[in-house]
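The following note sets out points for a colleague who wishes to read this structure closely. Please keep the sequence and the coordinates at hand while going through them.

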Amino acid sequence: MAALISPHLLKRLEQLQLLARRRSKSTAKGERRSGARGQSVEFADYRNYVPGDDLRRIDWNIYGRLDRLFLKLYEEERELPVTIFLDASESMSFGQVSKFDFARQVTAAVGYVALCGFDRVTVEPFPLGDDQVSLAGELRQVRGRKSSIRFFENLAKLKVAGTADLNQALRRGAMKHRAPGVSVILSDFLDPAGYEEGIKALAHRGSEIHAVQILSPEELEPSTYGDLKVIDSETGAEQEVTFGKYRLKTYRATVQNYCLRLQEFCRSRGICYQLSRSDTLIDDLLLKAMRTGGMWR
Amino acid sequence: MNFLTPEALVFAATLPVVVVFYLLKRRRVARLVSSTILWQRFLNETQASSPFQKLRHNWLLVIQLVLLALAVFALTRPYFAGKLEGSRFIVAILDVSASMQATDVSPSRLAQAKAEAAKLIESMHDRDRMVLLLAGAVTEVRQSPTSAKAALRSVLGQARATDSPTHLLDAVKLAQNLTRNRARTEVHLFSDGASPDLEEFELQDLNLVYHRVGEGGDNLGIVSLEVRPHPEQAGQQAIFATVANTSTNSLSSDVSLFFSERLVGNRRVRVGATNTASLVFIASQNTNGVFRLELKSSDALAVDNTASVLSLARRNTRALLVTRGNSFLERALRSVSKLDLDVEAKFTDPGAAVDFVVLDDVVPSVWPSGNVLAIHTQSTNWFQPSGSIDGPPIVDWKSTHPLLRFVNFDNVQVAKALAAKPPAWMTPLVESPSAPLLAAGENNGQRTVWIGFNPLDSTWPMRVSFPIFIANAVDWLNPDARTSIRVGEPFHMRLASEEQSVTIELPDGSTRETRTTTTGELIFGDTFQQGVYSATFGTNALLFCVNLLNSDESRIRSRESLQLGEYSTVEATVEAKVQANVDKEAWRWIALICLGFILFEWWFYHRRTA
């Protein structure tokens with residue numbers, strides 16, 4: 001646990017609460033307000049008594065004044081499903097501070113905040129290696145603060161593997177988690193097949209989505225020059241390029257355009273977007289950037 | 001523009017090779033990246049598997065094609081045809097005399113002159129030719145006509161200054177002969193101009209450019225040194241020296257006299273501006289040895305601060321006077337110190353018993369084998385008698401000859417003289433309009449002074465010049481007298497009666513092997529160093545001194561112009577004349593541009609990939 005998040009940061013995270021703009025539609029009880037009526041301390045409405053109703057919920061004070069029977073209705077508190085889509089593809093292993101390590105730290109932080117808020121946390125790593133299926137099962141439907149240690153341990157065991165299909169992973173996640181909640185996507189979004197379809201599917205479910213794009217410093221500013229043959233770590237595809245310092249500016253513009261396109265796509269769908277370097281201090285991202293972005297308060 | 005080797009255009013076939021190189025794929029450094037998506041804007045090359053790729057616009061390709069085209073262009077040796085003029089023929093005269101050792105300019109005048117000459121060599125065109133002359137006491141053709149700049153530079157670099165006085169006249173005359181009947185000739189003289197003999201040269205149409213070297217500076221120099229027996233104190237030697245100050249400041253210096261490297265006198269001398277000071281040292285001498293005078297002055301010219309003279313504790317000179325009676329002559333001879341004189345009425349050859357013979361108005365049956373002062377007589381082998389002349393006026397005499405030093409013929413009248421024609425080896429010293437009256441010369445080591453009239457038939461014995469002349473003649477005819485010569489003069493002395501080998505050690509320690517002539521005379525010409533020379537022959541050894549003692553060399557102020565003849569003056573030039581370029585090949589310039597392109601291409605490539 002200590003390897004992922006420092007105790008000091010955990011204390012700070014305990015004070016945070018995940019924000020959800022929509023009422024929870026989950027069926028399980030929790031501590032989030034929902035549109036359903038049920039048992040809680042929050043009064044919601046009255047309705048006429050009909051035979052069969054629980055006599056304990058009749059408002060006897062009103063009956064005394066009006067001589068009619070009314071039933072007091074309370075808001076049902078449900079849990080908030082929090083789904084974290086964690087990119088575990090080969091490309092995430094790059095960077096002096098590995099992008100995947102950074103993403104796991106963010107996952108742990110989001111998960112911990114959710115667990116402290118009695119929400120249900122599911123981590124969906126993609127792609128999933130054969131030896132990690134059971135591990136992924138452990139990371140599903142995690143509830144309660146007590147589970148956080150186990151949650152962190154399982155997170156630490158995750159490894160990068162294979163080629164990611166972001167669209168497919170998000171589509172599958174949208175189908176799997178029918179109850180809309182909060183979805184956090186942690187990825188570099190460097191997928192040759194794109195990311196649009198997956199995000200659209202997820203947004204269509206009514207999830208509140210937070211996209212965090214994690215790029216390494218080497219991707220933002222390459223330091224190798226000359227006549228290069230660059231090899232894609234996931235696909236093995238080769239590209240030849242002649243690169244020098246004088247083209248660095250153009251390269252930066254390319255990266256910026258790529259990120260801006262993603263940001264624009266997210267904004268048009270009400271998705272919160274964050275770009276983060278893998279060498280950024282995790283405290284800065286969690287306590288400043290994500291707080292400002294409306295992830296929690 | 002024309003081309004000397006248009007066939008070099010064949011090399012243009014290499015142009016497509018460069019293009020092929022660009023069609024070939026480059027070897028690249030493999031680098032694993034997280035994803036190639038971000039590199040899409042840099043994917044300029046095709047991913048075809050063939051070894052060739054599509055030719056793209058590439059500045060490197062353009063630069064290299066231009067570079068190759070220029071190289072091919074240079075190989076064709078293009079040239080610009082103009083009005084064809086003949087190539088220049090340049091004679092460069094480099095003064096290597098003693099005054100060129102002056103350090104008034106850094107590092108020395110010779111170095112400055114060599115630098116100027118090097119500039120001239122660099123300015124030569126392909127077809128220009130140059131001759132390099134080194135002018136010291138003798139003129140040396142150091143490099144025959146050539147266009148090879150490397151050879152000229154090498155020869156120029158090897159030039160060294162000598163201790164000898166300048167005789168630019170010989171060099172300029174040689175240059176005139178070399179340039180005669182040639183078109184576009186130039187004679188460049190790199191000198192400080194310290195050569196008074198140039199006034200004897202008429203410039204005529206010689207295209208002489210004077211490159212003045214040096215400025216001028218303080219210099220004290222020894223300009224004369226002589227040792228003579230003290231006239232009053234027996235066993236003592238009087239050393240006469242003259243120190244000249246050629247600068248415009250008054251200078252002083254310590255003067256030290258050494259005898260065989262032992263200090264025998266020291267004196268402080270102060271010499272006024274452009275003035276001289278005479279010094280007399282008295283020193284006792286028991287053995288033969290060398291007196292060396294040294295100025296402790298750190299002036300611009302060091303070579304004239306030292307002079308040496310050999311002093312022999314010599315025996316008396318022996319002379320035989322054959323006369324029918326001439327009291328003037330006999331008294332004049334007897335007045336000469338250290339001279340043992342025998343007087344005879346009839347001549348019989350004494351051989352080596354006497355140093356010289358005086359024949360006074362007698363005709364010997366056999367001519368003496370040694371040195372002779374012949375008065376009013378002639379050898380039938382040497383002279384063609386052609387009668388006599390009455391009252392010949394004296395029109396000229398060579399006062400520069402040692403025999404006529406301090407001798408004046410202004411008020412000498414001659415009543416009758418022989419009208420004889422002296423042989424070629426004799427130099428006429430006193431001349432009348434129709435025949436020489438006095439001549440001297442040396443033939444096969446035998447010195448002869450010939451007087452063509454009887455002094456008793458003239459007013460000469462009554463004049464003071466007569467005993468002076470006799471004293472000079474005794475010195476000149478005495479074989480031991482010539483142990484001190486000037487730098488560059490040949491040393492000659494009769495050593496033995498037959499040929500033998502001689503080893504001569506020079507002042508710098510190097511040795512020369514030579515042989516005497518068949519008559520046993522040593523003639524040695526490599527006397528370009530100042531100092532004491534040692535000749536060893538058999539078991540005997542001989543010393544002789546070589547000195548600069550030249551006031552013209554000591555006067556180190558560089559001449560701003562050269563006076564040539566009576567009417568011509570050559571002003572010093574600052575830069576060598578640059579001739580107009582004609583018929584000049586352009587390949588060097590193109591090669592230079594090629595080099596520039598290579599450098600630019602190198603920079604451009606590294607800018608791309610750095």
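1. In the hairpin of S7(A) and S8(A), 5 residues lie between the strands, and A:Gly236 among the residues of this hairpin takes a positive phi near 75°. Strand S7 of chain A covers residues 226-232, and strand S8 of chain A covers residues 238-243. The two strands run antiparallel and are joined by 6 bridges; strands count as paired if DSSP finds at least two bridges between them. Opposite A:Gly226 stands A:Phe243 in S8(A). Helices (H or I, at least four residues) and strands (E, at least two) are DSSP runs, numbered from the N terminus.

2. The model is predicted: local features need pLDDT of at least 70 and side-chain atom pairs count only at pLDDT 80 or more, whereas totals for chains, interfaces and linings use all residues. Residues are numbered from 1 along each chain as its sequence is written, while chains are lettered from A and ligands numbered from 1 in the order in which they are written.

3. S7(A) also pairs with S2(B), in the parallel sense and over 5 bridges. B:Val33 in S2(B) is the bridge partner of A:Asp232.

4. Between the chains, 21 residues of chain B are in contact with 32 residues of chain A (C-beta atoms, placed from the backbone, within 7 Å). On the side of chain B that touches chain A, strand S2 (29-33) and helix H9 (587-609) are the elements that give two or more residues. The largest share, 5 residues, comes from S2(B). By type, the residues of this side are 10 nonpolar, 4 polar and 7 charged. Here Ala, Val, Leu, Ile, Met, Phe, Trp, Tyr, Cys and Pro count as nonpolar, Asp, Glu, Lys and Arg as charged, and the others, Gly among them, as polar.

5. The largest nonpolar core has 78 residues, and B:Ala92, B:Ile93, B:Leu94, B:Leu133 and B:Ile222 have the most contacts inside it. Such a core is a set of buried Ala, Val, Leu, Ile, Met, Phe, Trp, Tyr and Cys residues joined through C-beta atoms within 7 Å. A residue is buried if 20 or more other C-beta atoms, placed from the backbone, lie within 10 Å of its own. Strand S5 (residues 129-135) of chain B gives the largest share of this core, 6 residues.

6. A second, separate core of 61 residues includes A:Phe85, A:Ala103, A:Val142 and B:Leu38.

7. Chain A has 10 helices and 9 strands. Of its 297 residues, 38% are buried.

Note on methods:
Contact = placed C-beta atoms within 7 Å. Buried ≥ 20, exposed ≤ 12 C-beta atoms within 10 Å, placed from the backbone.
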